[in-house]
Amino acid sequence: MSTVRVSVCMATYNGERFLGPQIESILQELEPQDELVVVDDASSDGTVAALERFDDPRIRVHARADNRGYVRTFEEAMERATGDILMLSDQDDVWIPGRRALFVEALTNSAVAASNLVLLGSDDPLPNPVTRRPWRLRPAWSRQGVRNGLRILAGMAPYYGCAMAIRRDAVDRVLPFPAYLDESHDLWLALFGNAHRTMTHIEAATIRRRIHDTNASPSRPRGIRAVLRARIMLLRAWGTARRR
């Protein structure tokens, strides 16, 4: 058994119908000293009740009365986490066995790690909405900080928060999230890791991602105005990350 303590940081919002398989897959991976920190963003369905039905002392649920959006919800979950390694998790995917061990190993010499992921129900990698080719992180890119930053700005880097983790000694540098960041907390973490050349890419897929109409991360191309706004925000975030 590992002596490392892992905190899984999950944001939930009206995810009752998807939670069961996700929570079960996470608990199967966690060790006795680990924790699952869930912050619920004022769900109006039975999400909180569904979480509370899991009889496991490793689960800590914090239900907010006000809705603040997924970025601030993940931020609060990370703030509440106490582990040596913080692994982010969405409410609607399924972990692939071995995920915890891969991230613990990857973060031995890096502050941030990201893995590949596949579509739930298949072994197909996610399609890139820009090129229509499969998304895939390559381990050889791990220390290509500037190139990875440019890939992020171009929309060509497949970083997803649900397939990322960060080491405790970097948390105080990535939190709080920049006040102007109202989407793409995962790309903020990726920008930080790449800006300081402390990113590791894991070759294996560690998540089966569920695609549906209410995903927080859009899976279809957006309009040019929305894309330009997002790129300007990320460019600003790249500068902020370099200064931290």
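In the predicted model, the side chains of arginine 208 and aspartate 123 form a salt bridge, with an N to O distance of 3.1 Å. Arginine 208 belongs to strand E8 (residues 199-209), while aspartate 123 sits in the loop between strand E6 (112-119) and helix H5 (145-153); the pair therefore ties together parts that are 85 residues apart in sequence. The two partners fall into separate accessibility classes: arginine 208 counts as partly exposed, at 26% relative accessibility, whereas aspartate 123 is exposed, with a relative accessible area of 58%.

A second salt bridge joins the side chains of aspartate 34 and arginine 100, at 2.8 Å from N to O. This pair also links distant parts of the chain, with aspartate 34 in the loop between helix H1 (16-29) and strand E2 (35-40) and arginine 100 in helix H4 (residues 99-106), 66 residues apart. Aspartate 34 has a relative accessible area of 3% and is therefore buried, the limit being under 20%. Arginine 100, at 4% relative accessibility, likewise counts as buried.

Aspartate 41 and arginine 64 are joined through their side chains in a further salt bridge, with an N to O distance of 2.6 Å. Here the partners are 23 residues apart and both lie in loops: aspartate 41 between E2 and helix H2 (47-52), and arginine 64 between strand E3 (59-63) and helix H3 (70-80). Aspartate 41 counts as buried at 4% relative accessibility, and arginine 64 counts as buried at 11%. The contact between these residues is part of a network of salt bridges that links Asp41, Arg64, Glu76 and Arg80. For the protein, the count of salt bridges comes to 14. With regard to charge as a whole, the mean positions of the 34 positive and 30 negative charges are 10 Å apart.

Several features of the backbone were also identified. Leucine 175 and proline 176 are joined by a cis peptide bond, with omega at about -5°. Proline 176 is located in the loop between helix H6 (168-174) and helix H7 (185-195). Positive phi values occur at asparagine 14 and alanine 42, neither of which is a glycine. For asparagine 14, phi is about 50°; this residue lies in the loop between strand E1 (6-12) and H1 and is partly exposed, with a relative accessible area of 28%. For alanine 42, phi is near 60°. Alanine 42 is found in the loop between E2 and H2, and its relative accessible area of 22% places it among partly exposed residues.

At the level of the overall fold, the secondary structure consists of eight helices and eight strands. The C-alpha trace spans about 45 × 40 × 35 Å along its principal axes. A compact globule of 244 residues would have a radius of gyration near 18 Å, and the 17 Å found for the protein agrees with this expectation. Of the 244 residues, 56% count as buried. Among contacts between residues at least 6 apart in sequence, 78% join residues at least 24 apart. The accessible surface comes to about 11200 Å², and 52% of this area belongs to carbon and sulfur atoms.

How values were computed
Residues numbered from 1 in each chain as written. Predicted model: local features only at pLDDT ≥ 70, side-chain atom pairs only at ≥ 80, totals over all residues. Heavy atoms only, no water. Helix = DSSP H or I, 4+ residues; strand = E, 2+ residues; numbered from the N terminus. Rg over C-alpha atoms; globule rule 2.2 N^0.38 Å. Buried < 20%, exposed > 50% of the residue type's maximum accessible area, 1.4 Å probe, protein only. Contact = heavy atoms within 4.5 Å. Areas by Shrake-Rupley, 256 points an atom, 1.4 Å probe, with all protein chains shown as cover. Lys, Arg positive; Asp, Glu negative; His and termini not counted. Charge placed at Lys NZ, Arg CZ, Asp CG, Glu CD. Salt bridge = Lys/Arg side-chain N within 4 Å of Asp/Glu carboxyl O.
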